[in-house]
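Thank you all for coming. I would like to walk through one structure this morning, and I will ask you to keep the view open while I talk.

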Amino acid sequence: MDAIFGNIVLDRLLSQPLVFGLGVLGVVLVVLSISVRGLQRRYAFCNDQAKLIKELKITDLRLKLLQSAHISQQGRALAGTEPYLITCGKYQELVISQPAHVHDFYRSDYKVHGKPRNFNFGGLFGRFMGTAVGLRFGDGWRKIRLHFDPPFKFHEAVRRLGIFQRETVLWVGELSTSSSTDLNARSEFKFLVFRLVAHHLYRDAFDDRLYWQLLELSHLHDQAVHEILICKSHESRYWTLFPTSVRKSVDKFLSDWRGLNRAVIHNARGGKWDCPVEEIARGFDPSKDMTEEDFLSTLGEVLFANVDVSASVLSTTMTNLAANPSIQTELRSEISKWKSQGEGGFSKYLTNSGTLLHRVIMESMRLSPAFWFSMPETTGEAKQIGGYHVPANTTVIIDNRRLNEEAVTWGDDGAQYRPDRFLEVAPQALRCGFMRYGTSAASGRCLGKHLADLIFKLTTVAVVERFRLESLGVGEKQLGFQNRDAADVRLIKI
Ligand code: HEM
């Protein structure tokens, strides 16, 4: 019935030439305006020879996280070493991969760079990440960092060396009770950095019970991230209002996280405990510019968002040491040389950037950057990047994995594990050619860099001193998604 009625109305309309004409004109205008806007957007990015920038259209920006290698390869095939645009509906992000582009991006306007709302990942992601420091910029960023920086400062990290050392030795001691053990480096070390950062931040409040509660929360966190990455309609602001299963996962994590920290802070105040988390929480007072949400979101980012990032670095270190026995031998003798100088000598060893140990960790970080593509950041002023005109307020992402292997900085063997390359590369080339804890003007932006460096080094020392590592022949690069937990390293007691 409806169909018949619809057809009659349509027939009537079409039989009136004026209405029909206006309708067609309307459709043409809409199509034209969309294509003109698309072209205008792209025309804003041309070089001095009026060459238009290349454009890679993708269906979902989350593919940058889910299919990073594929997107990166497509970008390289399309644009070579030039910058290119990734576009997805109303979003566009400029992708850069060369040290010279990184230099252009941070030149002159770094202090006024911004970040797109929710990193362009939609409302659910925004609800989950809240007002964490990593999504902030300008004054909002500075105010949060003021509260969180103190326990992460270099001297604070070094002051806690004894505890970190005790904990890493215990952890490594538990890896093997027999003369040889096969293990998957990624899963064995997954929660080591997490445990030590939690210990560092909760201090007197930290015990086995709290650790298990945090592990449980880490599981909820990962579950929510997984659901956000695969759910449909993640973009819609209104969708987040419905009690979907993904929203329930997000809200469960947020409310359990809030409950746990409120209880810890309450107990720490009652017992007058030494507890940095409680000290940071004294900044809640709105006159001190930090809300409870700022505090909880940032603390969540600190603890949960770095588990996999840190696990990758340790796994890359162990699998590559296993594949390179001569580096292991050299490292072992370097360690015993420094240790023979007593306690003071050992802490100098850990903070010395001229050692093989330092190069081993740097090389692992080069090959396992925190994210394949950096989180998006916007330019503050109109500028040229790689010869292309780039308007102010353009969202830019760095293909970190390419940057960290590019021949212009690393030579032709940039994909190989070779720690001594750091003896050859000029320090100034690292500034824009190496993404570690940030790059260029933002090279030190990672809050946990000093802690992470110390823990990586202590763990490597503890392993190499006790075990000879042998490769089981399934290096990180060959591991598919299915068998990421397969054993890849054999530990043989020395
Ligand atoms: C102790 C463990 C770690 C903690 C607590 C930590 C914490 C953080 C936090 C809170 C941020 C946001 C900083 C801000 O925007 O103000 C951040 C950014 C970052 N972190 Fe870490 N992180 C840790 C380990 C790592 C590791 C192992 C890597 C590298 C493999 C890494 C690489 C980065 C990068 C690249 C950024 C982004 C910097 C930028 O915005 O330019 N982090 N980290």
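Before I point at anything, one convention: helices and strands here are DSSP runs numbered from the N terminus, where a helix has at least four residues and a strand at least two. Please also keep in mind that this is a predicted model.

With that convention, you can find Asn 393 in the loop between strand 7, residues 388-390, and strand 8, residues 395-398. Asn 393 is exposed, because its relative accessible area is 57% and the cut-off for exposed is over 50%. There is another asparagine to set beside it, namely Asn 120, which has a phi near 65°, again a positive value in a residue other than glycine. Asn 120 sits in the loop between helix 5 (99-106) and helix 6 (123-129), and at 8% relative accessibility Asn 120 counts as buried, since the cut-off there is under 20%.

Let me turn to the ligand. Which residues come nearest to it? Of the 27 residues around the ligand, these are Trp 141, Arg 145, Asn 306, Arg 445 and Cys 446. The iron atom of the ligand has a single donor from the protein, which is the SG atom of Cys 446, 2.3 Å away, and Cys 446 itself is found in the loop between helix 22 (427-433) and helix 23. Asn 306 places a polar side-chain atom 3.2 Å from a nitrogen atom of the ligand. If you look at the elements that give two or more residues to this shell, you will find helix 7 (138-148), helix 11 (192-202), helix 15, helix 16 (307-323) and helix 23 (449-466), with helix 16 giving the most, at three residues. By class, the shell has 16 nonpolar, six polar and five charged residues.

Now the aromatic side chains, of which the structure holds 20 pairs. In one of them, the rings of Phe 253 and Phe 304 have their centres 5.5 Å apart and their planes at 80°, and because planes over 60 degrees apart count as edge-to-face, that is how this pair is classed. Phe 253 lies in helix 13 (residues 245-270) and Phe 304 in helix 15 (residues 292-304), so the pair ties together parts that are 51 residues apart in sequence. Both of these residues are buried. They also belong to a cluster linked by ring pairs, whose members include Phe 128, Tyr 211, Trp 212 and Trp 257.

Helix 15 also holds Phe 295, whose partner, Phe 284, is in the loop between helix 14 (276-281) and helix 15. Where the ring centres of Phe 284 and Phe 295 are 5.1 Å apart, the planes are at 75°, so this pair is edge-to-face.

Finally, two arginines lie over rings: Arg 366 over the face of Trp 410, and Arg 401 over the face of Trp 372. For Arg 366 the value is 5.0 Å from the ring centre, and for Arg 401 it is 5.0 Å.

Note on methods
Residues numbered from 1 in each chain as written. Predicted model: local features only at pLDDT ≥ 70, side-chain atom pairs only at ≥ 80, totals over all residues. Heavy atoms only, no water. Phe/Tyr/Trp six-rings, centres within 6.5 Å; stacked < 30°, edge-to-face > 60°. Buried < 20%, exposed > 50% of the residue type's maximum accessible area, 1.4 Å probe, protein only. Lys NZ or Arg CZ within 6 Å of the ring centre and 35° of its normal. Near = heavy atom within 4 Å. Polar contact = N/O pair within 3.5 Å; in protein donor to acceptor, adjacent residues only side chain to side chain. Nonpolar A, V, L, I, M, F, W, Y, C, P; charged D, E, K, R; others polar. Donors = N, O, S within 2.8 Å, 3.2 Å for Na, K, Ca; no water.
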